[in-house]
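The entries follow in the order in which I made them.

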Amino acid sequence: MIDSETKSLWSHILGECMQGELQGEKLPLLIGDMVTWSAWRAEHPRTTVLNLARTSRNYAREFYDEPARFVYGFLVNGQPRHCSLATLVDTPVVNVSDPREPLVVTFDAESTLVRLFSSRVDDRELRFVAEEGGRMRDEATQSVWNRSTGRAIDGPLAGKQLAARAGIASYAASWKAFHPTSQDAK
Amino acid sequence: MRHRWLTWCWAAVAGLGAAAAAMTGFGQEAPEASPREFNPRVVVKRTFQPIVDAPVLAAAEVTDQVLDHELVLGVVVNGEPRAYPINMLTGPSREIINDTLGGRPIAATW
């Protein structure tokens, strides 16, 4: 992609300027949810919505019907990790053992939402197990959490909020092309 | 990191050029792309106008612009949520939306 102001050339997937006046600059990745409209609206009732003429009808929850084609990719202190959507369909809560930061990847099949959270709460590293209804339970306190929002809804940690981290839902081949050293998060 | 107001659009480039050509299989080290070697392949032959100040609706105003099962890119910045329906964003002229959300300049893209 190109910026109009300096005409520098940027890698879209990396958000990094490859050539031109801004070479070396890196755009901070914000947390963006790929999710169904109904789930987003339910979670964010005050949301606004972009209103451009429709260009397609193809992108709905069925887009992920071949989960092996996709990964959720993220960087941990600059090191690439990824979690296959096929893994997440099978195991919707994946604890990521990473020496740099304890993390958990969560998936909700109904909304197709993948999220990434720090699993450190009050200096304790929690490990989670999926429960029905879009929930998960931490093994240490047996508190129940909403696995999409990362908020504890019942138990000793009720009210606690996991810190969200940014990642991208990507074609597996694209993520691996740009991050050939990426390690599976399982 | 310097903060800049930049507006985005697709240009006549894609990929990492020399780095993409040199990429090896997953799990192996790829040689670092030297800036001098950046030699992108042209896959989109024109530059598109950046999208800025695109109109938005409140959720309550939505009828058939986006349907329940359709995918959106949802973002919250400084407490302000916005959804970018993917079925409005297909094609190289639409895939980057320059926007201001929660007072912050962002590029919503997929």
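Predicted model: local features only at pLDDT ≥ 70, side-chain atom pairs only at ≥ 80, totals over all residues.

Entry 1, the interface. I found 2 salt bridges across the interface of chain B and chain A. One that I looked up joins Asp68(B) to Arg41(A), with 3.0 Å between the closest N and O atoms. I then took the polar contacts, which come to 25 residue pairs between chain B and chain A, both residues being at pLDDT 80 or more.

Next I asked which strands of chain B supply at least two residues each to the side that touches chain A. I noted strand 1 (8-9), strand 2 (56-58), strand 3 (71-77), strand 4 (80-85), strand 5 (96-101) and strand 6 (104-109). Strand 3 of chain B gives the largest share of that side, with 7 residues. By residue class, the side of chain B that touches chain A splits into 42 nonpolar, 13 polar and 9 charged residues.

For the extent of the contact, I recorded 60 residues from chain A and 64 residues from chain B. The area buried between the two chains is about 5600 Å², and carbon and sulfur atoms give 64% of that area.

Entry 2, strand pairing between the chains. I looked at strand 5 (residues 48-50) of chain A and found 2 bridges from there to strand 4 of chain B. These two strands run parallel. Within this pairing, Thr48(A) has Arg82(B) as its bridge partner.

I counted 1 helix and 6 strands in chain B. Read from the N terminus, the order of elements is β-α-β-β-β-β-β. Chain B has 110 residues, of which 43% count as buried. I also checked the contacts in chain B with a separation of 6 or more, and 51% of them are between residues 24 or more positions apart.

I went through the two faces in turn. Leu113(A), Arg115(A) and Phe117(A) are buried on one side, and Val114(A), Leu116(A) and Ser118(A) are buried on the other.

I then traced the partners of this strand. Strand 9 (residues 103-108) of chain A is joined to strand 10 by 6 bridges, and the two run antiparallel. Here Arg115(A) is the bridge partner of Thr106(A). The hairpin of strands 9 and 10 has 4 residues between the strands, and in this hairpin Thr112(A) takes a positive phi near 65 degrees. Strand 10 of chain A also has 2 bridges to strand 17 (residues 164-165) of chain A, again in an antiparallel run. In that pairing I noted Ala164(A) as the bridge partner of Phe117(A).

I looked up Asp122(A), which sits in the loop between strand 11 (120-121) and strand 12 (124-125). Its phi is near 50 degrees, a positive value in a residue other than glycine. Asp123(A) lies in the loop between strand 11 and strand 12 as well, and has a positive phi near 65 degrees. Are these aspartates buried or exposed? Asp122(A) is exposed, with a relative accessible area of 56%, and Asp123(A) is exposed at 77%.

Definitions and conventions. Residues numbered from 1 in each chain as written. Chains lettered and ligands numbered in written order. Heavy atoms only, no water. Contact = heavy atoms within 4.5 Å. Buried area = accessible area lost by both parts, 1.4 Å probe. Salt bridge = Lys/Arg side-chain N within 4 Å of Asp/Glu carboxyl O. Polar contact = N/O pair within 3.5 Å; in protein donor to acceptor, adjacent residues only side chain to side chain. Nonpolar A, V, L, I, M, F, W, Y, C, P; charged D, E, K, R; others polar. Pairing = 2+ DSSP bridges. Buried < 20%, exposed > 50% of the residue type's maximum accessible area, 1.4 Å probe, protein only.
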